[in-house]
Amino acid sequence: MRAVIAPNPGKIEALEVVERPKPVPGPGEVLIRVTAAGLNRSDLLQRRGFYPPPPGVTDVLGLECSGDIVEAGEGVTDLPPGTQVCALLAGGGYAEYVVVPAGQVATVPLGVSLLDAGGLMEVACTVWSNVFMMGKLQHGETLLVHGGAGGIGTMAIQLGKAFGARVVVTVGSAEKAEYCRELGADMTIDYTQHDFAEEMDRADIKADVILDIIGAKYLSANVSALATAGRLVVIGLQGGVKAELNLGALMSKRAAVMATTLRARPSAEKAAIVSAMVAQVWPLISDGTVRPVTHATYPLEEVRQAHQVLEDSSHSGKVLLTT
């Protein structure tokens with residue numbers, strides 16, 4: 001089968017399409033014939049050598065996919081061959097076939113194409129586990145999302161609004177700001193023109209939950225933007241890994257800073273996230289309240305061009321690879 005790896009970490013030229021043996025599902029696993037795989041920022045880090053797969057996980061890139069079941073391993077009875085699914089992966093999505101634990105698989109939501117489903121699982125599970133399970137966003141609270149036009153951002157806007165929150169986002173252009181407003185964002189801040197914490201102060205808005213993909217660069221401003229008892233959830237490190245934290249400012253707000261990753265969690269923990277997310281989010285997708293946002297699709301052989309789109313941050317929504 002065709003698969004994408006980065007044997008010598010580096011720039012987009014490091015990506016190679018190679019031939020690999022088709023994997024075989026073990027007990028509790030399923031084999032998926034991949035239709036589409038979503039690209040994520042963590043894939044760029046892996047390609048550069050900064051985010052290696054967990055021990056025992058394939059070096060093939062890709063943390064989510066959609067497709068149809070072609071074989072079920074021992075003990076899997078509820079996902080028969082032919083079932084159209086999407087899956088949360090520890091790796092392996094950039095390929096024609098992938099093996100995944102059955103608990104990390106969900107049937108495609110009603111009304112969603114198999115292609116668009118390729119970019120659903122990572123963003124939906126990331127937003128649900130971090131904004132709602134950890135951040136405990138409540139109806140009437142304010143959610144601040146950094147990178148509002150990206151895959152995670154577009155999902156966070158829609159879910160935040162669906163559950164009755166006010167949503168503020170940071171974006172990198174006027175076009176992306178308008179796109180986020182169309183998805184439901186109440187306030188957009190162009191980070192290339194304004195300091196988001198200062199803009200929120202001017203509007204007399206504080207965030208109860210912040211979903212942050214930037215990390216160190218935004219730490220001080222994030223704490224400033226938090227409301228009393230606010231929760232800052234850091235899920236990315238695009239702006240660095242080390243920063244000075246003013247504990248006095250944090251204590252005065254009785255606020256919390258949390259940081260998480262999804263990929264390296266045990267399969268049972270990821271299965272619990274998938275189950276909770278599907279119960280809460282899939283109905284909203286099926287009735288049209290929330291929709292997957294696909295920016296562009298590329299065939300597997302054009303993976304370098306697809307990575308370049310993410311590198312340039314020129315996308316709004318998800319970029320997908322098709323097999």
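Which element gives the largest share of the lining of the second largest pocket? Select strand β6, residues 97-101: the largest share, 5 residues, comes from β6. Helices (H or I, at least four residues) and strands (E, at least two) are DSSP runs, numbered from the N terminus.

Before going on, note that this is a predicted model, where local features need pLDDT of at least 70, side-chain atom pairs count only at pLDDT 80 or more, and totals for chains, interfaces and linings use all residues. Residues are numbered from 1 along each chain as its sequence is written, and side-chain values use heavy atoms, with hydrogens and water left out.

**Stop 1: the pocket**

Stay with the second largest pocket, whose volume is about 390 Å³. It has 26 lining residues, and Val-57, Thr-58, Ala-90, Gly-91 and Val-99 are the closest to its centre. A pocket is an open set of points on a 1 Å grid over the protein atoms alone, with protein on both sides within 12 Å along at least five of seven lines; a cavity is a set where a 1.4 Å probe fits but cannot get out; lining residues have an atom within 4 Å of a point. Grid points are joined across faces, edges and corners, and a volume is the space filled by probe spheres set on the points.

Now click Val-57, in the loop between α1 (41-48) and β4 (64-72). Val-57 is partly exposed, at 25% relative accessible area. Buried means under 20% relative accessible area, exposed over 50%, and partly exposed in between (1.4 Å probe, protein chains only).

**Stop 2**

Next, select Gly-119, Val-123, Pro-292, Val-293 and Lys-318. Of the 14 residues lining the largest cavity, these are the closest to its centre. The cavity holds about 70 Å³ of space. Helix α3 (151-162) and strand β15 (318-322) each supply at least two lining residues, and α3 gives the most, with 4.

**Stop 3: charged pairs**

A salt bridge is a side-chain nitrogen of Lys or Arg within 4 Å of a carboxyl oxygen of Asp or Glu. Glu-64 is buried at 0% relative accessibility, and Lys-318 is buried at 5%.

For another pair, show Glu-141 and Arg-231, whose side chains meet at 2.9 Å, N to O. Both Glu-141 and Arg-231 are buried.

Then try Lys-206 and Asp-201, a salt bridge at 2.8 Å. Here Lys-206 is partly exposed at 31%, and Asp-201 is partly exposed at 41%.

**Stop 4: helix α2**

Select residues 121-134. Because 12 of the 14 residues of helix α2 are buried, the helix is largely enclosed by the rest of the structure. Among the buried ones are Trp-128 and Phe-132. Just after α2, Lys-136 takes a positive phi of about 55°.

**Stop 5: cysteines**

Show Cys-86 and Cys-65. Their sulfurs are 8.4 Å apart, too far for a bond. The structure holds 0 disulfides, a disulfide being a pair of cysteine sulfur atoms within 2.5 Å. Cys-86 is buried, at 0% relative accessible area.
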